Amino acid sequence: MDGFFQTGSFSLASGWFLVVFAVFLGIYSLVCGKKSLRNPALLIFSLFLYWKLSGLYVLLLAAVALLDWQACRFLSSEGRTESSRKGRAALSVIIDVAVLVFFKCSGMFASLAAVIAGTEALSIKALAIPAGVSFFIFQSISCVVDAYRRSAATPARYTDYLLLLAFFPKMVLGPIVRCREFLPQLMAESVSISAEDMGKASRLIASGIVKYCVIAKCVGDLLSGPIFAGEMGNAGSTALLGAYAFAIRIYCDFSGYTDLASGISLLMGFRLPLNFDAPYKSATITEFWRRWHISLSSWLKDYLYIPLGGNRKGSVRTYVNLIVTMFLGGLWHGVGLTFAVWGLLHGFSLALHKAWLALVPGSHKTGDGMGPVTRLLSGVLTFHIVVAGWIFFTSPSAGKAFGMIASIFNDFNAGAGVELLHSAAPAVILMLAGYVLHFLPSSWNSLSDRILGKSGVLGCAIVIAFAIWLALQASFLLPETAAGGLPIYANF
């Protein structure tokens, strides 16, 4: 039993979580019809899971919630002067950002302190980053800003605000949920789930397990990881294959985990917003950011791009605002040159597309309205811009990223790529399967939901069990040293 109470890394797809959640779901089914019992049960279970992930950092989560809940209450009350409201909102946002910067930059601070103190005289380590700190900080900032704008209600009780941040399916990787979207669901007296909801939840959980545990894990550990580590040669064809592999790996890793979160939430009667919408189908970079990590891109738009001026202050200022927003979005992922380049690449691409829309009559913001050939060519270009960004995103250094890109153009060596296709055939097949699944028509999801909904609890359970069986089979492909635990984006 001691191990049960030890903190450590786990994911929504881990065996430990599935067992614990099954027990909790049995309890939850008894209390879900009454808010006064349901919400405390959800809060206790959510805080327990967060403690399992981050230990005493659960106190940080509680402190952020308390500070910002009090700010929201102040901002929502009548009779406050505009200057006092603005000052209180600014204070909360500054503290939230300071907390985020402190943990994001702890590695840089540790390195600087070690240099000043002398590495032989003092061993200084970076602080462990609290799980999901970026997500619950961003969500709390949105609550404060919305309270200042009077565009969303504020929970009457601190525990409800804490549950808003700590709700366990989304606490590590989001999606970033707005108060006005999720609070009404928490405040509902009872929750219910229809047969089609059950089918959708089962489909999301099964697809999440396959994408996250099978495709992302195998492609990452057997193909993209070794390539970016330099273990499979330096030929340009190898680098390009590694970039394609990482593109599908990070999509399946992140969207698969989000599918799990959404499916688990739906099983309890809660609906999380869509966070991924087949992003590699995008025909423009603007469309990509409407399909990729939707909750973050909309957050950046509403709470950073628009406050900077958006597109209200002329074309040049619009382009600058786009670049600054994406640059800061890059640094949100990590303080380093690789993330800065990644953010700037997307910022300049968005600005160039905005300029193209203004200069070329009849051009399109998204693929809607494009002819099939134009959409295909535009989609291929957009995909490769995104893939170029992923090279910087995952490379250990900017030099390594630039070197890989240079090798693609200057030392392609197709023979090395063909040899790698044969030697890493299982991972390559799974990579291709990931792309095939990604490009399936979206109507298939609705059809699957209806079929599963009609199959009953037994049919849904069989589908999830089959997905778990596939994950177990895939685990035999992985090396013994393969890293488990949380997805890639849990590091951000």
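Biologist: What is the volume of the second largest pocket?

Modeller: This is a predicted model, and the volume is computed from it. The pocket is lined by 18 residues, with Thr286, Arg290, Lys301, Tyr305 and Leu322 nearest its centre. The volume of the second largest pocket is about 560 Å³.

Biologist: Which helix gives the most to the lining of the second largest pocket?

Modeller: The elements that give two or more residues to this lining are helix H11 (285-291), helix H12 (294-308), helix H13 (315-333) and H14. By class, the lining holds seven nonpolar, six polar and five charged residues. The top contributor, with six residues, is H12.

Biologist: How are H13 and H14 oriented to each other, roughly parallel or roughly antiparallel?

Modeller: Their axes come within 7 Å and cross at roughly 155°. Angles over 145 degrees count as roughly antiparallel. H13 is therefore, relative to H14, roughly antiparallel.

Biologist: In the contact of H13 with H14, how many residues are charged?

Modeller: H13 passes H14 in a right-handed crossing. On the H13 side the contact includes Tyr319, Leu322, Met326 and Phe327, and on the H14 side it includes Phe339, Trp342, Phe348 and Lys354. The classes are 14 nonpolar and seven polar, and the number of charged residues is one.

Biologist: Which hand does the crossing of H14 with H15 have, left or right?

Modeller: The axes of helix H14 (residues 337-359) and helix H15 (residues 372-394) come within 8 Å and cross at roughly 165°. That makes H14 roughly antiparallel to H15. The crossing of H14 past H15 is left-handed.

Biologist: How many nonpolar residues does the contact of H14 with H15 have?

Modeller: H14 brings Thr338, Phe339, Val341, Trp342, Leu345, His346 and Ser349 to the contact, and H15 brings Ile385, Val386, Ala388, Gly389, Trp390, Phe392 and Phe393. Four of the residues are polar and none is charged. The number of nonpolar residues is 10.

Biologist: Are H2 and H8 roughly antiparallel or oblique to each other?

Modeller: The axes of helix H2 (residues 35-54) and H8 come within 9 Å and cross at roughly 125°. The contact is made by Lys35, Arg38 and Asn39 of H2 and Gln185, Leu186 and Met187 of H8, which by class are two nonpolar, two polar and two charged residues. An angle over 145 degrees would count as roughly antiparallel; H2 and H8 are therefore oblique.

Biologist: Which helix gives the most to the lining of the largest pocket?

Modeller: The largest pocket has a volume of about 1100 Å³. Of its 40 lining residues, Arg203, Ser207, Lys211, Asp259 and Asn445 are the closest to its centre. Helix H9 (195-228), helix H10 (236-267), helix H18 (425-438) and helix H19 (443-475) each give two or more residues. The most, 10 residues, come from H19.

Biologist: What is the volume of the largest cavity?

Modeller: The structure holds two cavities of 30 Å³ or more. The largest is lined by Phe10, Leu12, Leu53, Phe168, Pro169, Met171, Val172 and Tyr257, and by class all eight are nonpolar. Its volume is about 40 Å³.

Biologist: Which helix gives the most to the lining of the second largest cavity?

Modeller: This cavity has a volume of about 30 Å³. Phe135, Phe136, Gln139, Leu165, Lys170, Met171, Gly174 and Pro175 line it, and they divide into five nonpolar, two polar and one charged. With three residues, the top contributor is H6.

Biologist: Which proline is joined to glycine 174 by a cis peptide bond?

Modeller: Most peptide bonds are trans. Here omega is about 10°, and the bond is cis. The proline sits in the loop between helix H7 (158-166) and helix H8 (179-187). The residue joined to glycine 174 is proline 175.

Note on methods. Residues numbered from 1 in each chain as written. Predicted model: local features only at pLDDT ≥ 70, side-chain atom pairs only at ≥ 80, totals over all residues. Heavy atoms only, no water. Axes fitted to C-alpha atoms, helices over the stretch in contact; angles between N-to-C directions. Helix = DSSP H or I, 4+ residues; strand = E, 2+ residues; numbered from the N terminus. Parallel < 35°, antiparallel > 145°, perpendicular 65-115°, else oblique. Left-handed = near helix turned anticlockwise from the far one by under 90°. Contact = heavy atoms within 4.5 Å. Nonpolar A, V, L, I, M, F, W, Y, C, P; charged D, E, K, R; others polar. 1 Å grid on protein atoms, 1.4 Å probe; cavity = no way out; pocket = protein on both sides within 12 Å on 5 of 7 lines; lining within 4 Å. Points joined across faces, edges and corners; volume = space filled by probe spheres on them.
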